[in-house]
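Have the sequence and the structure open as you read.

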Amino acid sequence: MPRISELPVDSLSPALQSLFPRYTGNGSHFADQFQVLSHVQPAAEHLFDMLLTLKQQQNIPSRYIELAIVVVSQLNRCLYCVENHNPRLQVEGLTVDDPQALIDGTAKGQLTDTDQLVVDYAIAVTQAAERIPEALFDRLRQVFSEAQIVELTLRISLCGFFNRFNQALQIGESSTAAHPV
C-alpha cells in the first residue's frame with residue numbers, strides 16, 4: 001500500500017478521469033501510481049498525456065522504449081516497474097527471464113546491435129549522464145535521428161523519475177517493504 005492515499009477515480013477531474021482508463025488499461029497496470037500522482041493534477045495530467053501521445057506517435061519502436069525502461073528500472077531496483085514492463089518485452093519479441101542479464105551482458109545473444117546500443121545508452125544515462133562518451137553518441141546518430149535521441153533520453157530520464165517516485169512513496173509494494181541500503 002502506498003504511503004500516500006490513492007485518490008478514487010470518481011473524485012478526479014474530468015481530464016484525469018478520461019486519462020485513467022487509457023493510461024492504466026482500465027486499471028490493470030499502474031493504477032496506483034496514477035491515483036497517487038493525481039494529488040498533483042497538472043503533473044498527472046501532463047505526464048500521462050505526454051506518455052500516451054509519445055506511445056501513439058511511435059517515433060521510436062516500442063521494443064527500444066521497453067528495453068530502456070527495463071534496464072533503467074533494474075539499475076534503480078524498482079521491482080514494480082521491472083515487473084510491469086518486462087512482459088512488454090516479450091510482446092516486442094524479446095524474452096528476458098532475468099533483467100540483470102541485460103546489464104551484465106549475458107543476454108547479448110538475444111540482442112540486436114540496436115538493442116545493445118539502447119541498453120548501453122540507458123546504462124550510461126542512468127549511471128553517469130555527465131560522462132557519456134562521444135563515441136556512444138556517434139553510434140546513436142548512426143541509428144537514430146536527433147529527435148529520436150532526444151525522445152529516448154527523455155524516456156530514460158523519465159523512467160528514473162518514476163522509479164524514484166514509486167520507491168519513495170512505496171507504490172506497488174507493501175508498506176513493510178524495505179530496500180537494501
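Where does Gln 58 lie? You'll find Gln 58 in the loop between α3 and α4. Keep in mind that what you're looking at is a predicted model.

Most residues other than glycine have a negative phi. Gln 58 isn't a glycine, yet its phi is positive, at about 50°. Gln 170 also has a positive phi, near 50°, and it isn't a glycine either. As for its place in the chain, Gln 170 sits in the segment after α9.

**Aromatic rings**

The structure holds 10 aromatic pairs. A pair of rings is described by the distance of the centres and the angle of the planes, and here are two of them:

| Pair | Centre to centre | Angle between planes | Type |
|---|---|---|---|
| Phe 34 and Phe 48 | 4.7 Å | 20° | stacked |
| Tyr 121 and Phe 137 | 5.7 Å | 80° | edge-to-face |

Phe 34 belongs to helix α2 (residues 31-37) and Phe 48 to helix α3, so this pair ties together parts that are 14 residues apart in sequence. Both Phe 34 and Phe 48 are buried.

Tyr 121 comes from helix α7 (residues 113-128) and Phe 137 from helix α8 (residues 134-143), so here the parts tied together are 16 residues apart in sequence. Tyr 121 counts as buried, with 2% relative accessibility.

Phe 34 and Phe 48 also belong to one aromatic cluster, together with Phe 20, Tyr 23, Phe 161, Phe 162 and Phe 165.

**The largest pocket**

How much of it lies in the largest pocket? About 550 Å³. The lining is made up of 29 residues, and Glu 66, Ile 69, His 85, Arg 88 and Arg 155 lie nearest the centre.

Several helices contribute: α1 (14-24), α3 (41-57), α4 (62-75), α5 (79-91) and α9 (146-168) each supply at least two lining residues. Which helix gives the largest share? That's α9, with six residues.

Sorted by class, the lining of this pocket has 13 nonpolar, nine polar and seven charged residues.

Conventions: Residues are numbered from 1 along each chain as its sequence is written. This is a predicted model: local features need pLDDT of at least 70, side-chain atom pairs count only at pLDDT 80 or more; totals for chains, interfaces and linings use all residues. Side-chain values use heavy atoms; hydrogens and water are left out. On a 1 Å grid over the protein atoms alone, a cavity is a set of points where a 1.4 Å probe fits but cannot get out, and a pocket is an open set with protein on both sides within 12 Å along at least five of seven lines; lining residues have an atom within 4 Å of a point. Grid points are joined across faces, edges and corners, and a volume is the space filled by probe spheres set on the points. Helices (H or I, at least four residues) and strands (E, at least two) are DSSP runs, numbered from the N terminus. Ala, Val, Leu, Ile, Met, Phe, Trp, Tyr, Cys and Pro count as nonpolar, Asp, Glu, Lys and Arg as charged, and the others, Gly among them, as polar. Rings of Phe, Tyr and Trp (its six-membered ring) pair if their centres lie within 6.5 Å; planes under 30 degrees apart count as stacked, over 60 as edge-to-face and the rest as tilted. Buried means under 20% relative accessible area, exposed over 50%, partly exposed in between (1.4 Å probe, protein chains only).
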